[in-house]
Amino acid sequence: MIVCYFTATGNCLYIARRIGGTLLPIPQLLRQDRIEVCDDAVGIIAPVYAGEMPMMVRDFFGKVNIKTNYFFFLYTYGMACGEAFAHVKQLCDEKGLKLSYINSVQMVDNYLPGFEMQKQIDTLPKKDVEGQIARIIRDIEVRAEASVKITPAVKAKMAMLRKMLANRILRRDTAKSYIVNDQCIRCGICAKVCPANNITVTDNGISFADRCEVCYACLHNCPQNAIHMHEEQSTIRFRNEHISLNDIIAANE
Ligand SMILES: Cc1cc2nc3c(=O)[nH]c(=O)nc-3n(C[C@H](O)[C@H](O)[C@H](O)COP(=O)(O)O)c2cc1C
């Protein structure tokens with residue numbers, strides 16, 4: 001089994017590790033000219049962003065050639081998936097790829113403009129993440145089937161959500177407005193955890209280009225907590241408790 005994943009704060013990497021198989025980070029796969037993924041089972045694990053998937057995962061979907069008898073897609077999310085399942089089905093239909101199974105795991109919501117991180121972290125016991133994962137592992141082991149139907153009503157909701165949410169939130173120039181305070185020691189960790197290679201560290205400080213994924217890996221993983229945004233609800237940061245900073249660097253560098 002091969003599992004391709006995208007992660008900023010470790011939730012998706014943790015799920016990928018629990019599901020098992022050969023784990024391949026999507027930011028690194030995207031650097032290949034041709035991406036072929038072939039195995040008896042192939043999965044993608046990604047966070048829900050603004051009711052859909054991260055831009056980079058959408059790009060990956062467009063580029064990858066998947067050959068398998070069992071293709072599954074898992075989301076991690078914090079509050080609500082919107083029509084994210086339907087987006088996967090639509091992309092699969094466009095590729096002529098059968099979506100065998102889709103599911104999601106509710107975890108900590110790392111969306112800084114929406115949530116106080118400590119309050120989100122405190123919701124974890126209620127979410128029973130391990131119980132959710134155990135059910136999905138069982139499903140994948142027996143090659144269970146679970147897909148989605150795109151009705152005209154779902155199509156209309158997808159278009160509305162894209163207009164109201166995704167087009168507003170998922171903007172590649174987002175990082176330009178981040179504030180780097182004087183706690184920054186120019187260690188370069190932000191550049192290493194950035195999946196989009198969007199950050200440059202010089203003697204004069206940190207600069208952001210126009211390839212931001214809006215994943216907040218730089219904000220959440222800065223060891224000095226030196227990167228902020230005007231809209232953030234708190235200065236507390238999050239990384240999945242089972243995942244280290246080095247794991248995020250290895251996935252995204
Ligand atoms: C820009 C952005 C948008 C997000 N949008 C949603 C959303 O629409 N619904 C939701 O439930 N969670 C949303 N989230 C939360 C993430 O999906 C969630 O925290 C995910 O588990 C993070 O995975 P990771 O730790 O592997 O990066 C969003 C996070 C970010 C950074």
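Modeller: Cys4 has Ile44 of β4 opposite it, and Tyr5 likewise faces Ile45 of β4. This is a predicted model, in which local features need pLDDT of at least 70 and side-chain atom pairs count only at pLDDT 80 or more, while totals for chains, interfaces and linings use all residues. Residues are numbered from 1 along each chain as its sequence is written. Helices (H or I, at least four residues) and strands (E, at least two) are DSSP runs numbered from the N terminus, and two strands pair if DSSP finds at least two bridges between them.

Strand β1, residues 2-5, runs parallel to β4 and is joined to it by 4 bridges. On to β6: β4 and β6 are also parallel and share 7 bridges, with Ala41 opposite Tyr70 in β6. The sheet is open and has 5 strands in the order β2-β1-β4-β6-β7, paired in parallel. β2 (22-25) and β7 (101-106) are the edge strands with a single partner strand each, so one side of each has no neighbour in the sheet. On average, neighbouring strands of the sheet are turned by 20° against each other, direction ignored.

Burial comes next. A residue is buried if 20 or more other C-beta atoms lie within 10 Å of its own, exposed if 12 or fewer, and partly exposed in between, with C-beta atoms placed from the backbone. In β4, 6 of the 7 residues are buried, so the strand is largely enclosed by the rest of the structure. Leu74, in strand β6, is buried, having 23 other C-beta atoms within 10 Å. The C-alpha atoms of Leu74 and Ile45 are 29 residues apart along the chain and separated by 4.7 Å. Beyond its neighbours within four places in sequence, Leu74 is in contact (C-beta atoms, placed from the backbone, within 7 Å) with Ile15, Gly43, Ile45, Asn103, Ser104, Val105 and Ile136.

Several helices accompany the sheet. Helix α7, residues 129-141, lies across β6 and β7 and runs at about 165° to β7; axes here are lines fitted to C-alpha atoms, for helices over the stretch in contact, and angles run from 0 to 180 degrees between N-to-C directions. Helix α3 (residues 55-63) has Met55, Val57, Phe60 and Phe61 buried. The cover over those buried residues of α3 includes β4 (41-47), along with α2 (26-29), β5 (64-67) and α4 (84-95). Helix α1 is mostly covered, with 7 of its 9 residues buried: Asn11, Cys12, Leu13, Tyr14, Ile15, Ala16 and Ile19. After α1 comes Gly20, with a positive phi near 90°.

The ligand brings α1 and β6 in again. Around the ligand there are 27 residues (C-beta atom, placed from the backbone, within 6 Å), of which Asn11, Cys12, Pro47, Thr76 and Tyr77 come nearest. α1 (11-19) and β6 (70-77) are the elements that give two or more residues to this shell. By class the shell has 16 nonpolar, 10 polar and 1 charged residues, where Ala, Val, Leu, Ile, Met, Phe, Trp, Tyr, Cys and Pro count as nonpolar, Asp, Glu, Lys and Arg as charged, and the others, Gly among them, as polar. Domain 1 (2-168) and domain 2 (174-252) each supply at least three residues to the shell; the domain bounds come from an automatic or database assignment.

That leaves the other domain. The C-alpha centres of domain 1 and domain 2 are 23 Å apart. Across the boundary, 25 residues of domain 1 are in contact with 25 residues of domain 2. On the domain 1 side, the elements that give two or more residues are α1, α3 and α5 (117-122). α5 gives the most to that side, with 4 residues. By class, the domain 1 side has 16 nonpolar, 8 polar and 1 charged residues.

Asn252 belongs to helix α11, residues 245-252. Asn252 counts as buried because 25 C-beta neighbours lie inside 10 Å. Apart from neighbours within four places in sequence, Asn252 is in contact with Pro25, Pro27, Val193, Cys194, Pro195 and Ala217. Asn252 and Gln28 are 224 residues apart in sequence, yet their C-alpha atoms are 7.0 Å apart in space.

Technical notes. Contact = placed C-beta atoms within 7 Å.
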